[in-house]
2 protein chains.
Amino acid sequence: MTAPDRPLSRRERPAKPPLTRAGIVAAGLAVLEAEGMEKVTMRRIAAELDTGAASLYVYVQNTADLHAQMLDELLAGVTPAETGAWLTRLIDLLESYAAVLFQHPEIARLSMSTHTSGPNYLRLLDTILGLLGEGGVPENQAAWGVDILLAYPTFLAAERGSRAQPRNARDFADLATHVAAADPYTLPHVAAAGDEIVSGTPAARLRWGITVLINGITQTERA
Amino acid sequence: MTAPDRPLSRRERPAKPPLTRAGIVAAGLAVLEAEGMEKVTMRRIAAELDTGAASLYVYVQNTADLHAQMLDELLAGVTPAETGAWLTRLIDLLESYAAVLFQHPEIARLSMSTHTSGPNYLRLLDTILGLLGEGGVPENQAAWGVDILLAYPTFLAAERGSRAQPRNARDFADLATHVAAADPYTLPHVAAAGDEIVSGTPAARLRWGITVLINGITQTERA
DNA sequence: ACCTGAACACCGTTCAAGT
DNA sequence: ACCTGAACACCGTTCAAGT
């Protein structure tokens, strides 16, 4: 409405913080929180920082690089309890990892293709290895086991993260419908199991799943 | 070079097969095979079928719908052995599922966000439930277990599918580098486990992982 | 009913030109 | 060295107009 008829001088313009890699990642997370992953584009983030998309390329290699950085930043919040039995600490840690991913299913999806070896991810890996070691799991089983332990929360989150995601909700309802309508002749076992297949809250399935994985890792020797 | 100076008449033009949903899915798979997932776009597929992108929307709701359809089509090749012990048949089936996904990591990645409840997916579900039942696994454990059994191959394929994928290969090498360079003070367990973490062929890790999951599912009661 | 071209509203990334 | 605007080469999806 009251647009000035000349460009603002440097003194008058609101101070624009300098671009940094961290600032770009933070802006990316802000957009993610506010508008979801599909709005996390170079152009949108640049707008957030009051600049052009091209300017970001001084600090960020490409979109994949940015996404990996964002994921690692989110993992900063995943920390273990300091006391307690190794098993409860491990389950808690994995549930907290899952919680972060459930809040950001799009990032969970991304983390399958765009890996991070950022400091927070490595710390998480280290903590899990430590806990498995405490539980007496042989080192070679633990080393391959971490991968499996991190995979399942990621998968569950990607599959049905809680963020309002019309497409995904519809897909799952779709599966439920197909399972309910399964022809007992062509799909006898699906028809027999019925609701059981799609039953349970994500939290309940996660908890059981984590136990399954830990039991399996503990009890399965490597050839 | 020798372009005709008038449009070809209907008789002269090479016969153009009519558009069908199946034809569009097949064209999508052809493009996937030839040029990779990132080229599987509405426009590219339309070009393949000698038409415009808009024409596809008569048969396909949107990109997600198309992708789900493509995935289900790929699963047609995943079929179980007819004889043998339930355990070896189950392991074989999961390895064959994994093999398909390893050849199409981009589809594996996609299948996390875009679900299919297509006929082939449901058949796979049914077969696995049947085999677990044969193995004496209680029905409620089997019903939640299928999800876990299908998750791990998907995750592994998405993570390091074999198709030439410069970004992914670099990421994994990156992780290996970080693991190798892990500071024994801040990351003691990673440093101790060292190479072990990134060791083994995908096939070997997959086989051990499947065994881990089956053992866990068999031995973990549901509350 | 099916098909089409053109348009709309976007993308990531590069690059020459500025400071 | 950093920043910018403009350009390049794309996207998915919609829609009025044709057959």
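## Arginines over tryptophan rings

In this predicted model, A:R222 lies over the face of A:W144, at 3.6 Å from the ring centre, where a charge is taken to sit over a ring if NZ of Lys or CZ of Arg is within 6 Å of the ring centre and within 35 degrees of the ring normal. In chain B, B:R222 lies over the face of B:W144, with 3.6 Å to the ring centre.

## Aromatic pairs between the chains

Rings of Phe, Tyr and Trp (its six-membered ring) pair if their centres lie within 6.5 Å, and the planes count as stacked under 30 degrees apart, as edge-to-face over 60 and as tilted for the rest; by this rule there are two aromatic pairs over all chains. The centres of the A:W144 and B:W208 rings are 6.0 Å apart and their planes stand at 70°, so this pair is edge-to-face. Because A:W144 lies in helix α8 (residues 139-160) of chain A and B:W208 in helix α11 (residues 202-219) of chain B, the pair joins two chains; helices here are DSSP runs (H or I, at least four residues), numbered from the N terminus. A:W144 counts as buried, at 7% relative accessibility, and B:W208 is buried with a relative accessible area of 6%, where buried means under 20% relative accessible area (1.4 Å probe, protein chains only).

The other pair, A:W208 with B:W144, is edge-to-face, at 6.0 Å centre to centre and 70° between the planes. A:W208 lies in helix α11 (residues 202-219) of chain A and B:W144 in helix α8 (residues 139-160) of chain B, so this pair joins two chains, and both A:W208 and B:W144 are buried.

## The surface near DNA strand D

DNA strand D is surrounded by 15 residues, the closest being A:T51, A:A54, A:Y59, B:R43 and B:Y57; a residue is near a strand if one of its heavy atoms lies within 4 Å of it. At least two residues of this surface come from each of α3 (53-56) of chain A, α2 (42-48) of chain B and α3 (53-56) of chain B. Of the atoms of DNA strand D within 4 Å of the protein, 53% belong to sugar or phosphate and the rest to bases.

## Basis of the values

Local features need pLDDT of at least 70 and side-chain atom pairs count only at pLDDT 80 or more, whereas totals for chains, interfaces and linings use all residues. Side-chain values use heavy atoms, without hydrogens and water.

Technical notes
Residues are numbered from 1 along each chain as its sequence is written. Chains are lettered from A and ligands numbered from 1 in the order in which they are written. Buried means under 20% relative accessible area, exposed over 50%, partly exposed in between (1.4 Å probe, protein chains only).
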